[in-house]
Amino acid sequence: MFPIIIYWLVFFSISIGIFYAIKCYLERNKNDFEKRLDSYIPKPPLPLEREAYLEKRKRFVRRVFRVLIGFFAVIPLLFIALCTNFNFSSFWQGNGEGSYIFLSFLGDSILASIPFLGISFYWVYFVANRTTRAQEMLLAEMSEEDFQYFNLIRGRLYTPLFVVSRGKLYLFKASHIIEIPIEMIRDIRIIYTWRRLRKIMAGVLIDHPPKKTKFPIRMDYYPYLTKLIDRYHPKPRYETL
């Protein structure tokens, strides 16, 4: 019994350490835009169309989190199902031993999955809330023409990959939101990868001295990206598809 307690103490200590390392990385390792976002105070209501979009996004994010919570809740059961080849009756042997093994295995599975599911949920929650807040700030700042392009890019989605507002390009990545003054962009190159013996577009490399930024993007979004940049700065060199 004592070795088991030591095992779980070590396991959860490591998990807590990983959680705080990720939390510190997300909350402290911020660029200038993310620091400005922290100090942003919402102003009076946005124009009606922009406010309606923002409310729809918030409802969409809440629905996604409800689905994620339900999915995370059944992962331990799915794990057991895979281990038993979906034959739960193999745990029940009629003498009580099977039920003890089943409950013990279920308890260990739940305990082992809690830290990793919690860390994953926190990461998604942090990024989703930060993205919503960033969109609210940018919607308040952008011109009407920028907003029309914003609607064109996102289509029916509530998570546009990039936004242009007042001459700056904003890239929404998993760990950061990157702000790039469009006039600083010198070159955009396509990054390719191979999948099933096919060469496909994996993203772009944006050269904006003194930095270069890699950004994953699908091929059908690339023309929108170059068109938006051309509105403010038609000089960058683009690699054609």
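Two residues are all it takes to link β5 to β6 in a hairpin. Helices and strands here are DSSP runs numbered from the N terminus (helices are H or I with at least four residues, strands are E with at least two). This is a predicted model, where local features need pLDDT of at least 70 and side-chain atom pairs count only at pLDDT 80 or more, while totals for chains, interfaces and linings use all residues. Residues are numbered from 1 along each chain as its sequence is written, and side-chain values use heavy atoms, with hydrogens and water left out.

- β5 and β6 (residues 211-215) run antiparallel and share five bridges; two strands count as paired if DSSP finds at least two bridges between them.
- Within that pairing, V204 has F215 of β6 as its bridge partner.
- The loop between β5 and β6 holds P210, and the peptide bond joining P209 and P210 is cis, with omega at about 10 degrees.
- That's worth a look, since most peptide bonds are trans and most residues other than glycine have a negative phi.
- R195 finds its bridge partner in R198 of β5.
- The β4–β5 hairpin also has two residues between its strands, and R196 there takes a positive phi near 55 degrees.

**The three-stranded sheet**

- β1, β2 and β3 make an open antiparallel sheet, in the order β1-β2-β3.
- Its edge strands are β1 (162-165) and β3 (177-181), each pairing on one side only.
- From one strand to the next, the twist averages 20 degrees; such angles run from 0 to 180 degrees between N-to-C directions, with axes as lines fitted to C-alpha atoms (for helices, over the stretch in contact).
- R166 sits in the loop between β1 and β2 and has a positive phi near 50 degrees.
- R166 counts as exposed because its relative accessibility is 58%; the cut-offs are under 20% relative accessible area for buried, over 50% for exposed and partly exposed in between (1.4 Å probe, protein chains only).

**Helix α6 against the sheet**

- α6 lies across β1 and β2, at about 15 degrees to β1; contact means heavy atoms within 4.5 Å.
- In α6 (residues 222-232), the buried residues are Y222, L225, T226, L228 and I229.
- They fall on the same side of α6 because they cover an arc of only 160 degrees around the axis, taken from the directions from the helix axis to the C-beta atoms.

**The cores**

- The largest nonpolar core has 22 residues, and F162, L169, L171, V204, I206 and I217 touch the most other members; such a core is a set of buried Ala, Val, Leu, Ile, Met, Phe, Trp, Tyr and Cys residues joined through side-chain atoms within 4.5 Å.
- Among the elements supplying at least two residues each are α5 (144-154), β4 and β5, while α6 gives the largest share, four residues.
- Leaving out residues up to four places away in sequence, F162 touches partners including I153, L169, F215, I217, L225 and L228.
- A second, separate core of 18 residues includes L46, M137, F172 and I177.

**A buried arginine**

- R50 belongs to helix α3 (residues 48-83) and counts as buried because its relative accessibility is 5%.
- Beyond residues up to four places away in sequence, R50 touches L139, M142, S143, E144 and F147.
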